[in-house]
Every structure is written in C-alpha cells, then in structure tokens.
Amino acid sequence: MKKKLTIILSFIIILAVLLAGCAAMMTKPTARNFQAPIVTLDSMEVEHFWGWWYYSNKVKPTMGKAGNYGAPLDLAFIFNVENPNPFPVELESLKFTVAFEEFDLNTVSSIETQWIPPGKTNQIRVHAMFDGRQSLLSLLVTGGFKLKEKTGAAGAGAALKQLGKWWKAAPEYGFPIYVKEGAAVFKADSLVKVAMFSATFP
Amino acid sequence: MKPKKIWLKTILYAGIIMLMIGLAIPTGAATIKIGSLNDMTGATSDVGKDFALGIAEAIHYINDTGGINGKKIKLYQFDYGYRIPEALTKYSLFKRLKCAAILGWGTGDTEALAPTVARDKIPYVSASYSGHLCNPEKTPYNLFFSTDYSTQARGLITAWYDKKWPNKPDYGKRKPRIALCYMFASPYSSSSIKAAKDHAKMLGFEMGPQQDVSLFAIDTKSQILALKEFKPDVLLLTNTVMSVAAVLRDAYALGLKTDKLLLNWGFDENLPKLAGKAAEGVIGCAPWAFFGQNVPLMDKVVEYAKKYNPGIPLEKRTIHTVQGWANALGLAEALRRADKAGDLSGEGILKYGFETMRDYDFGLGVAPATFTATDHRSQSEARIYEYKNGKFTLLDSIDLKKRWPEKWANEWLGW
C-alpha cells in the first residue's frame, strides 16, 4: 500500500513539475500580446557581378541561339528580423519592391520559413536578380513616360544608356537603391501579424 | 519493490504519458500544393505585380475560410520575369513539388506551356485570355475566369454600335468607320484582331487601315496622322496601358475626334494617370470590377490588401488585384468540387471541378462562369465600362451567346 502511494505521489509530482515548467517557459500568444516583429535592412551587397553588356538578336553567338541578352546583376539584401515577443514566432514569407532611383525594377519574395526565438534577432538574406533584358523591357513598357521626363530621351537607346549607368555604378553604391512596400508575414499559433518595412541604400 | 525500481517505473510511465500527449497534438492539416508563375520584374510587371499580390492575398483568404474542404493550400509563387526559359524551369519545379494546379500569367508562358500541361494533365489557370485557349480539343488544361479577348472585342464593338453610333450625326447616312491599332508582332495584341474584323464586317462597318503601334511606344503621331485621313468613328486598341495612353495623348493633341475601345489590359486605374484628360470618355471591357467598387466580396479584397500589404497604399491597387482573386477563387472552387468527388488528379480537377460549373458566381463583378467538356469559354458576357468624370461606369453588358446563339455555338469557338 505504501509503495503504491509512493508511486502515485512521485508520478503526480513529476507531472506537475513538467507541466509547470512548460507553462512558465511559454507565454501563450494572444491577439493582444502579439507584437509585429521589426524588420530592418542591415546591408545590401552586390553578390555577383558581370559588368555591363547587351547583345541584340542580330549578333551571332559562338554557341547557342541568338537572342536579346543583357548582363545580370545579383544583389543581396540582408535584413534583421527582431522578435520582441516572449514567445517564438514564425516568419512565413517576406516580400519587397526594389527601385533604382524612382524606377521600380523588381519585386522580390522569400517563402522559406524560419522561427525566431523570443527576444532574439535573426537574419535573412534575400537575392534579387536583375536581368538586363528584362529590366530594359520593364523600363520601356512600364516606365517609358517617366524615363522621358528624367532623361529627356525615350526609346531603347535611352533605356539602355540608363541601365548601363546603374549597372556600372552598382559596385560602388553610386546611386540610391530603395526597398519599398516591404511586408513580412509572421505567425504565432494561428495568429498572423504583418510587419511593414522600407529602406534606402546606401 | 526497491525504491530505485519504483522511481524508474514512475519515470517510464510519465514518459509514456508525455509521449501520448505529444502524439495527440495535431501535426498540421493536409495541404494542396499550388504553383504560381508571375511577372514582377519584366515587361508586364506594372500589371503583373498587382495580379501576383492579388493571388497571394486570395490564397490567404481561401485558407482562412476553410481552405479546400478543410485542406490548406500551400502556394509556391515565383517571379519568372517574363522569361520563357525560366517559366519552363519553374514548371518542372512545380511538377517535382507535385502541385495539383498552376496559376499562370501571360501569353508567353501560357502558350509555351500549353502542350506540356495538356500532356501532363495539369490545370493551368492563367491571365492570358486568348480565345484560342478556349477549345478543349486543342488546349484542354488551359482555363481562366474572364471574358476571352475575342469576346471582349466583339462585345466592345457591339456596345459601341448599340449605344454610341445612333447618337452620331452621320447615323443612318453611311456605314460606321472603324480602325484598329495594335502591335502586329505581339501575340497578345493581335489575338483578338481576326474576331474584331469578323464582327465589324458582320455589323456592317467600313474597316480602315490598321496601325502598327509598339507596346513600347510613347510617340504615335505618325499613326494618328494616318488615321486622320480615314476619319474613323471608332478605334479599337488592343495594346497594354502605356502604349494605349500614348495613342490617347497623341490623338487628343492632334485633334483626332474618335471614340476609343480598349481590351482589358489597356483599361485600368493607371490609364487616367498616364493619359490625363485624353482618357475621358474611353470605353473598355472589364471582366472584373475595378478595385474598391461596390460588388460582392470586394470588402474582403480590400481587407486582405490592407492586412497583407499594408505598405502599399490602396490608391495604388488596381483591377489586376481583383483579376488575381478571380483566378484563385475559381481554381479553389474547382478543387473543392474535385475533392468532394474524391479525385484531386489533374483530370479529376478538370472533369469534376471546372467542367461541372454552370453559371458559377463568386462575386467581384465577374460574369457567372460555365465550363463544359466541349467549351472552355467561361464567360459569354462582356461587361463594358466607360471612363467618365473620373469614374469607371458600367455602360452595357453584352451576352454574345444570347444574342448570337448559333454563331456562338458553331462558329466562334477557339479564335
């Protein structure tokens, strides 16, 4: 009888200690206490660089098909993601638009999830690939009027000239690059918070 | 029993119970994977970005409201920059991920992938609304929730003929004159031209010289001067917004007095910003409501735009967000029906999902959708709006199927 009582008592004590420990460790997220994490741009890097060039489909390639090809430019944006909550939060997705001066050229997103421990700051690196040809089309179709206002010239020649200026100046951070309309979606249990962010580099 | 053994047993039992508690916690509901190809970088990024945002926001809404009969959608959304090789690469990724269906984008990716999706039997719901994607004999897995371009062109010409032509001073004295402006080399711009010419001929129009206007054009004075000689009563423009704005501006500046008809990609909230006064009075086809208009479910579109993209002012959101919602909601309904029938294969989604829809109405100002095994023109109704006094106002709604049932059934499918 004494043995049985000892078993039951010790079992209850262990369970109580375990449950109490869990409860103490974890504050439950609620709509009231869930604060949007803070996303800030830590730095921007020219991750890979090929210089500036553009070939039209009139140029015969050594191998492969002729086509319209522009130099790629690979930029990496490193963000700090700070969790001010006393519970872990999950970064579900993050997206933002990149503008070279006043021209929106790319909207980038990251759908890889990560957990941020309570009170800690994680970092996330997001690549933005700019392709000379696509950027040219973007400038021509969507930014034609704006380009004319800025440079006084229009058409493919003016757009290529502008792209060349940006590509060559990028390694020296020679013009402002804007991170705009940033939105990062965070989850804690079934609750959702969206953090806005924007930045200019340099 | 020795005290040591008692303790060991106690720890063991406690461990088993904790494990059972752990196993009892749900580990996450089943998901359905959906791929999404979007252009947020390239030639169509001005409209593609807003469409892509609409897709992602709509998927959040679908998941928040029960998903696909309890199953959540996992969205894999990628920017392909309107590069066809990249679209093909991402398609391979979607296949490897076992995506049940794909939300596609423009003419480039849709046409490049049409034979592949037919072979692989993967439903491809895109924003390329070309009439030649509507014949299931040729492109069985290409679908969309919009009035196709050919039906848009026919609806626009009919609405102008019914509503505007009778008010012109020359009405009854001569044939109405129409001219077409578009980029000849663009598959999108030229996709509805054959139907437009056919329709104009059927209604007794005199057809003027066609004008080749690039999608990149910001100066169209030579084309406008050529048109001035023909003196058209109405112009049909099938390019995208910037080039349409260039034509409107030059026509206004050079005094070409003619009505202008626009397909959906040339007719959005950015047009008045680019064309200014010259946009006044233009008539366009909008198969969905404009962003923020008072139609069923628009409150949710606005709510989710605010919630998930708070950094983008609502004034910058456009009809393309609503377009994204339409394709996502339409696909979700097809998935629900197929899931209920117990067949979420591509063939099941087509047969038990899309092709069971009869006048399916999900709001957003979209005409009710019907798909059959022999006809994938989801809408026979063209909703025609006029931009007047700073507002898009519904001018007319032309149901081509009701008005010309014989031609609709026997002549117009697939072009």
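**Entry 1: Arg174(B) and its partners**

I looked up Asp170(B) and found its side chain in a salt bridge with that of Arg174(B), 2.9 Å from N to O. The model is predicted. Asp170(B) is partly exposed, at 27% relative accessible area. Arg174(B) counts as partly exposed too, at 24%.

Which other residue does Arg174(B) form a salt bridge with? I found Asp233(B), with the closest N and O atoms 2.9 Å apart. This pair links distant parts of the chain, 59 residues apart. Arg174(B) sits in the loop between H5 and E6 of chain B. Asp233(B) sits in the loop between helix H8 (221-230) and E9. I noted that Asp233(B) counts as buried, because its relative accessibility is 12% and the cut-off is under 20%.

**Entry 2: a pair within one helix**

Next I checked Lys300(B). It forms a salt bridge with Glu303(B), closest N and O atoms 3.1 Å apart. Both residues lie in helix H11 (residues 298-308) of chain B, three residues apart, so about one helical turn separates them. I recalled the rule: an α-helix has 3.6 residues a turn, so residues three or four places apart point the same way. Lys300(B) is partly exposed at 27%. Glu303(B) is partly exposed at 37%.

**Entry 3: salt bridges over all chains**

I searched the whole structure and found 31 salt bridges over all chains. One network links Asp131(A), Arg83(B), Glu86(B) and Lys90(B).

**Entry 4: helix H7(B)**

Which residues of H7 (residues 193-202) of chain B are buried? I listed Ile193(B), Ala195(B), Ala196(B), His199(B) and Ala200(B). The face turned away carries exposed Lys194(B) and Lys201(B). The buried residues pack against several elements of chain B, including helix H5 (149-163), strand E6 (177-182) and strand E9 (234-237). After H7(B) comes Gly204(B), with a positive phi near 85°.

**Entry 5: the two domains of chain B**

I found 24 residues of domain 1 in contact with 18 of domain 2. The two domains bury about 1700 Å² between them, 54% of it on carbon and sulfur atoms. Tyr129(B), Phe290(B) and Arg377(B) supply 33% of the area that domain 1 buries there, more than any other three residues.

How many salt bridges join the two domains? I counted zero. Eight residue pairs are in polar contact across the interface. Helix H12 (residues 319-340) gives the most to domain 1's side, with three residues.

Definitions and conventions
Residues are numbered from 1 along each chain as its sequence is written. Chains are lettered from A and ligands numbered from 1 in the order in which they are written. This is a predicted model: local features need pLDDT of at least 70, side-chain atom pairs count only at pLDDT 80 or more; totals for chains, interfaces and linings use all residues. Side-chain values use heavy atoms; hydrogens and water are left out. Buried means under 20% relative accessible area, exposed over 50%, partly exposed in between (1.4 Å probe, protein chains only). Helices (H or I, at least four residues) and strands (E, at least two) are DSSP runs, numbered from the N terminus. Contact means heavy atoms within 4.5 Å. Buried area is the accessible area (1.4 Å probe) that two parts lose on being put together, summed over both. A salt bridge is a side-chain nitrogen of Lys or Arg within 4 Å of a carboxyl oxygen of Asp or Glu. A polar contact is a pair of N or O atoms within 3.5 Å; within protein, one must be able to donate a hydrogen and the other to accept it, and residues adjacent in sequence count only if both atoms are side-chain atoms.
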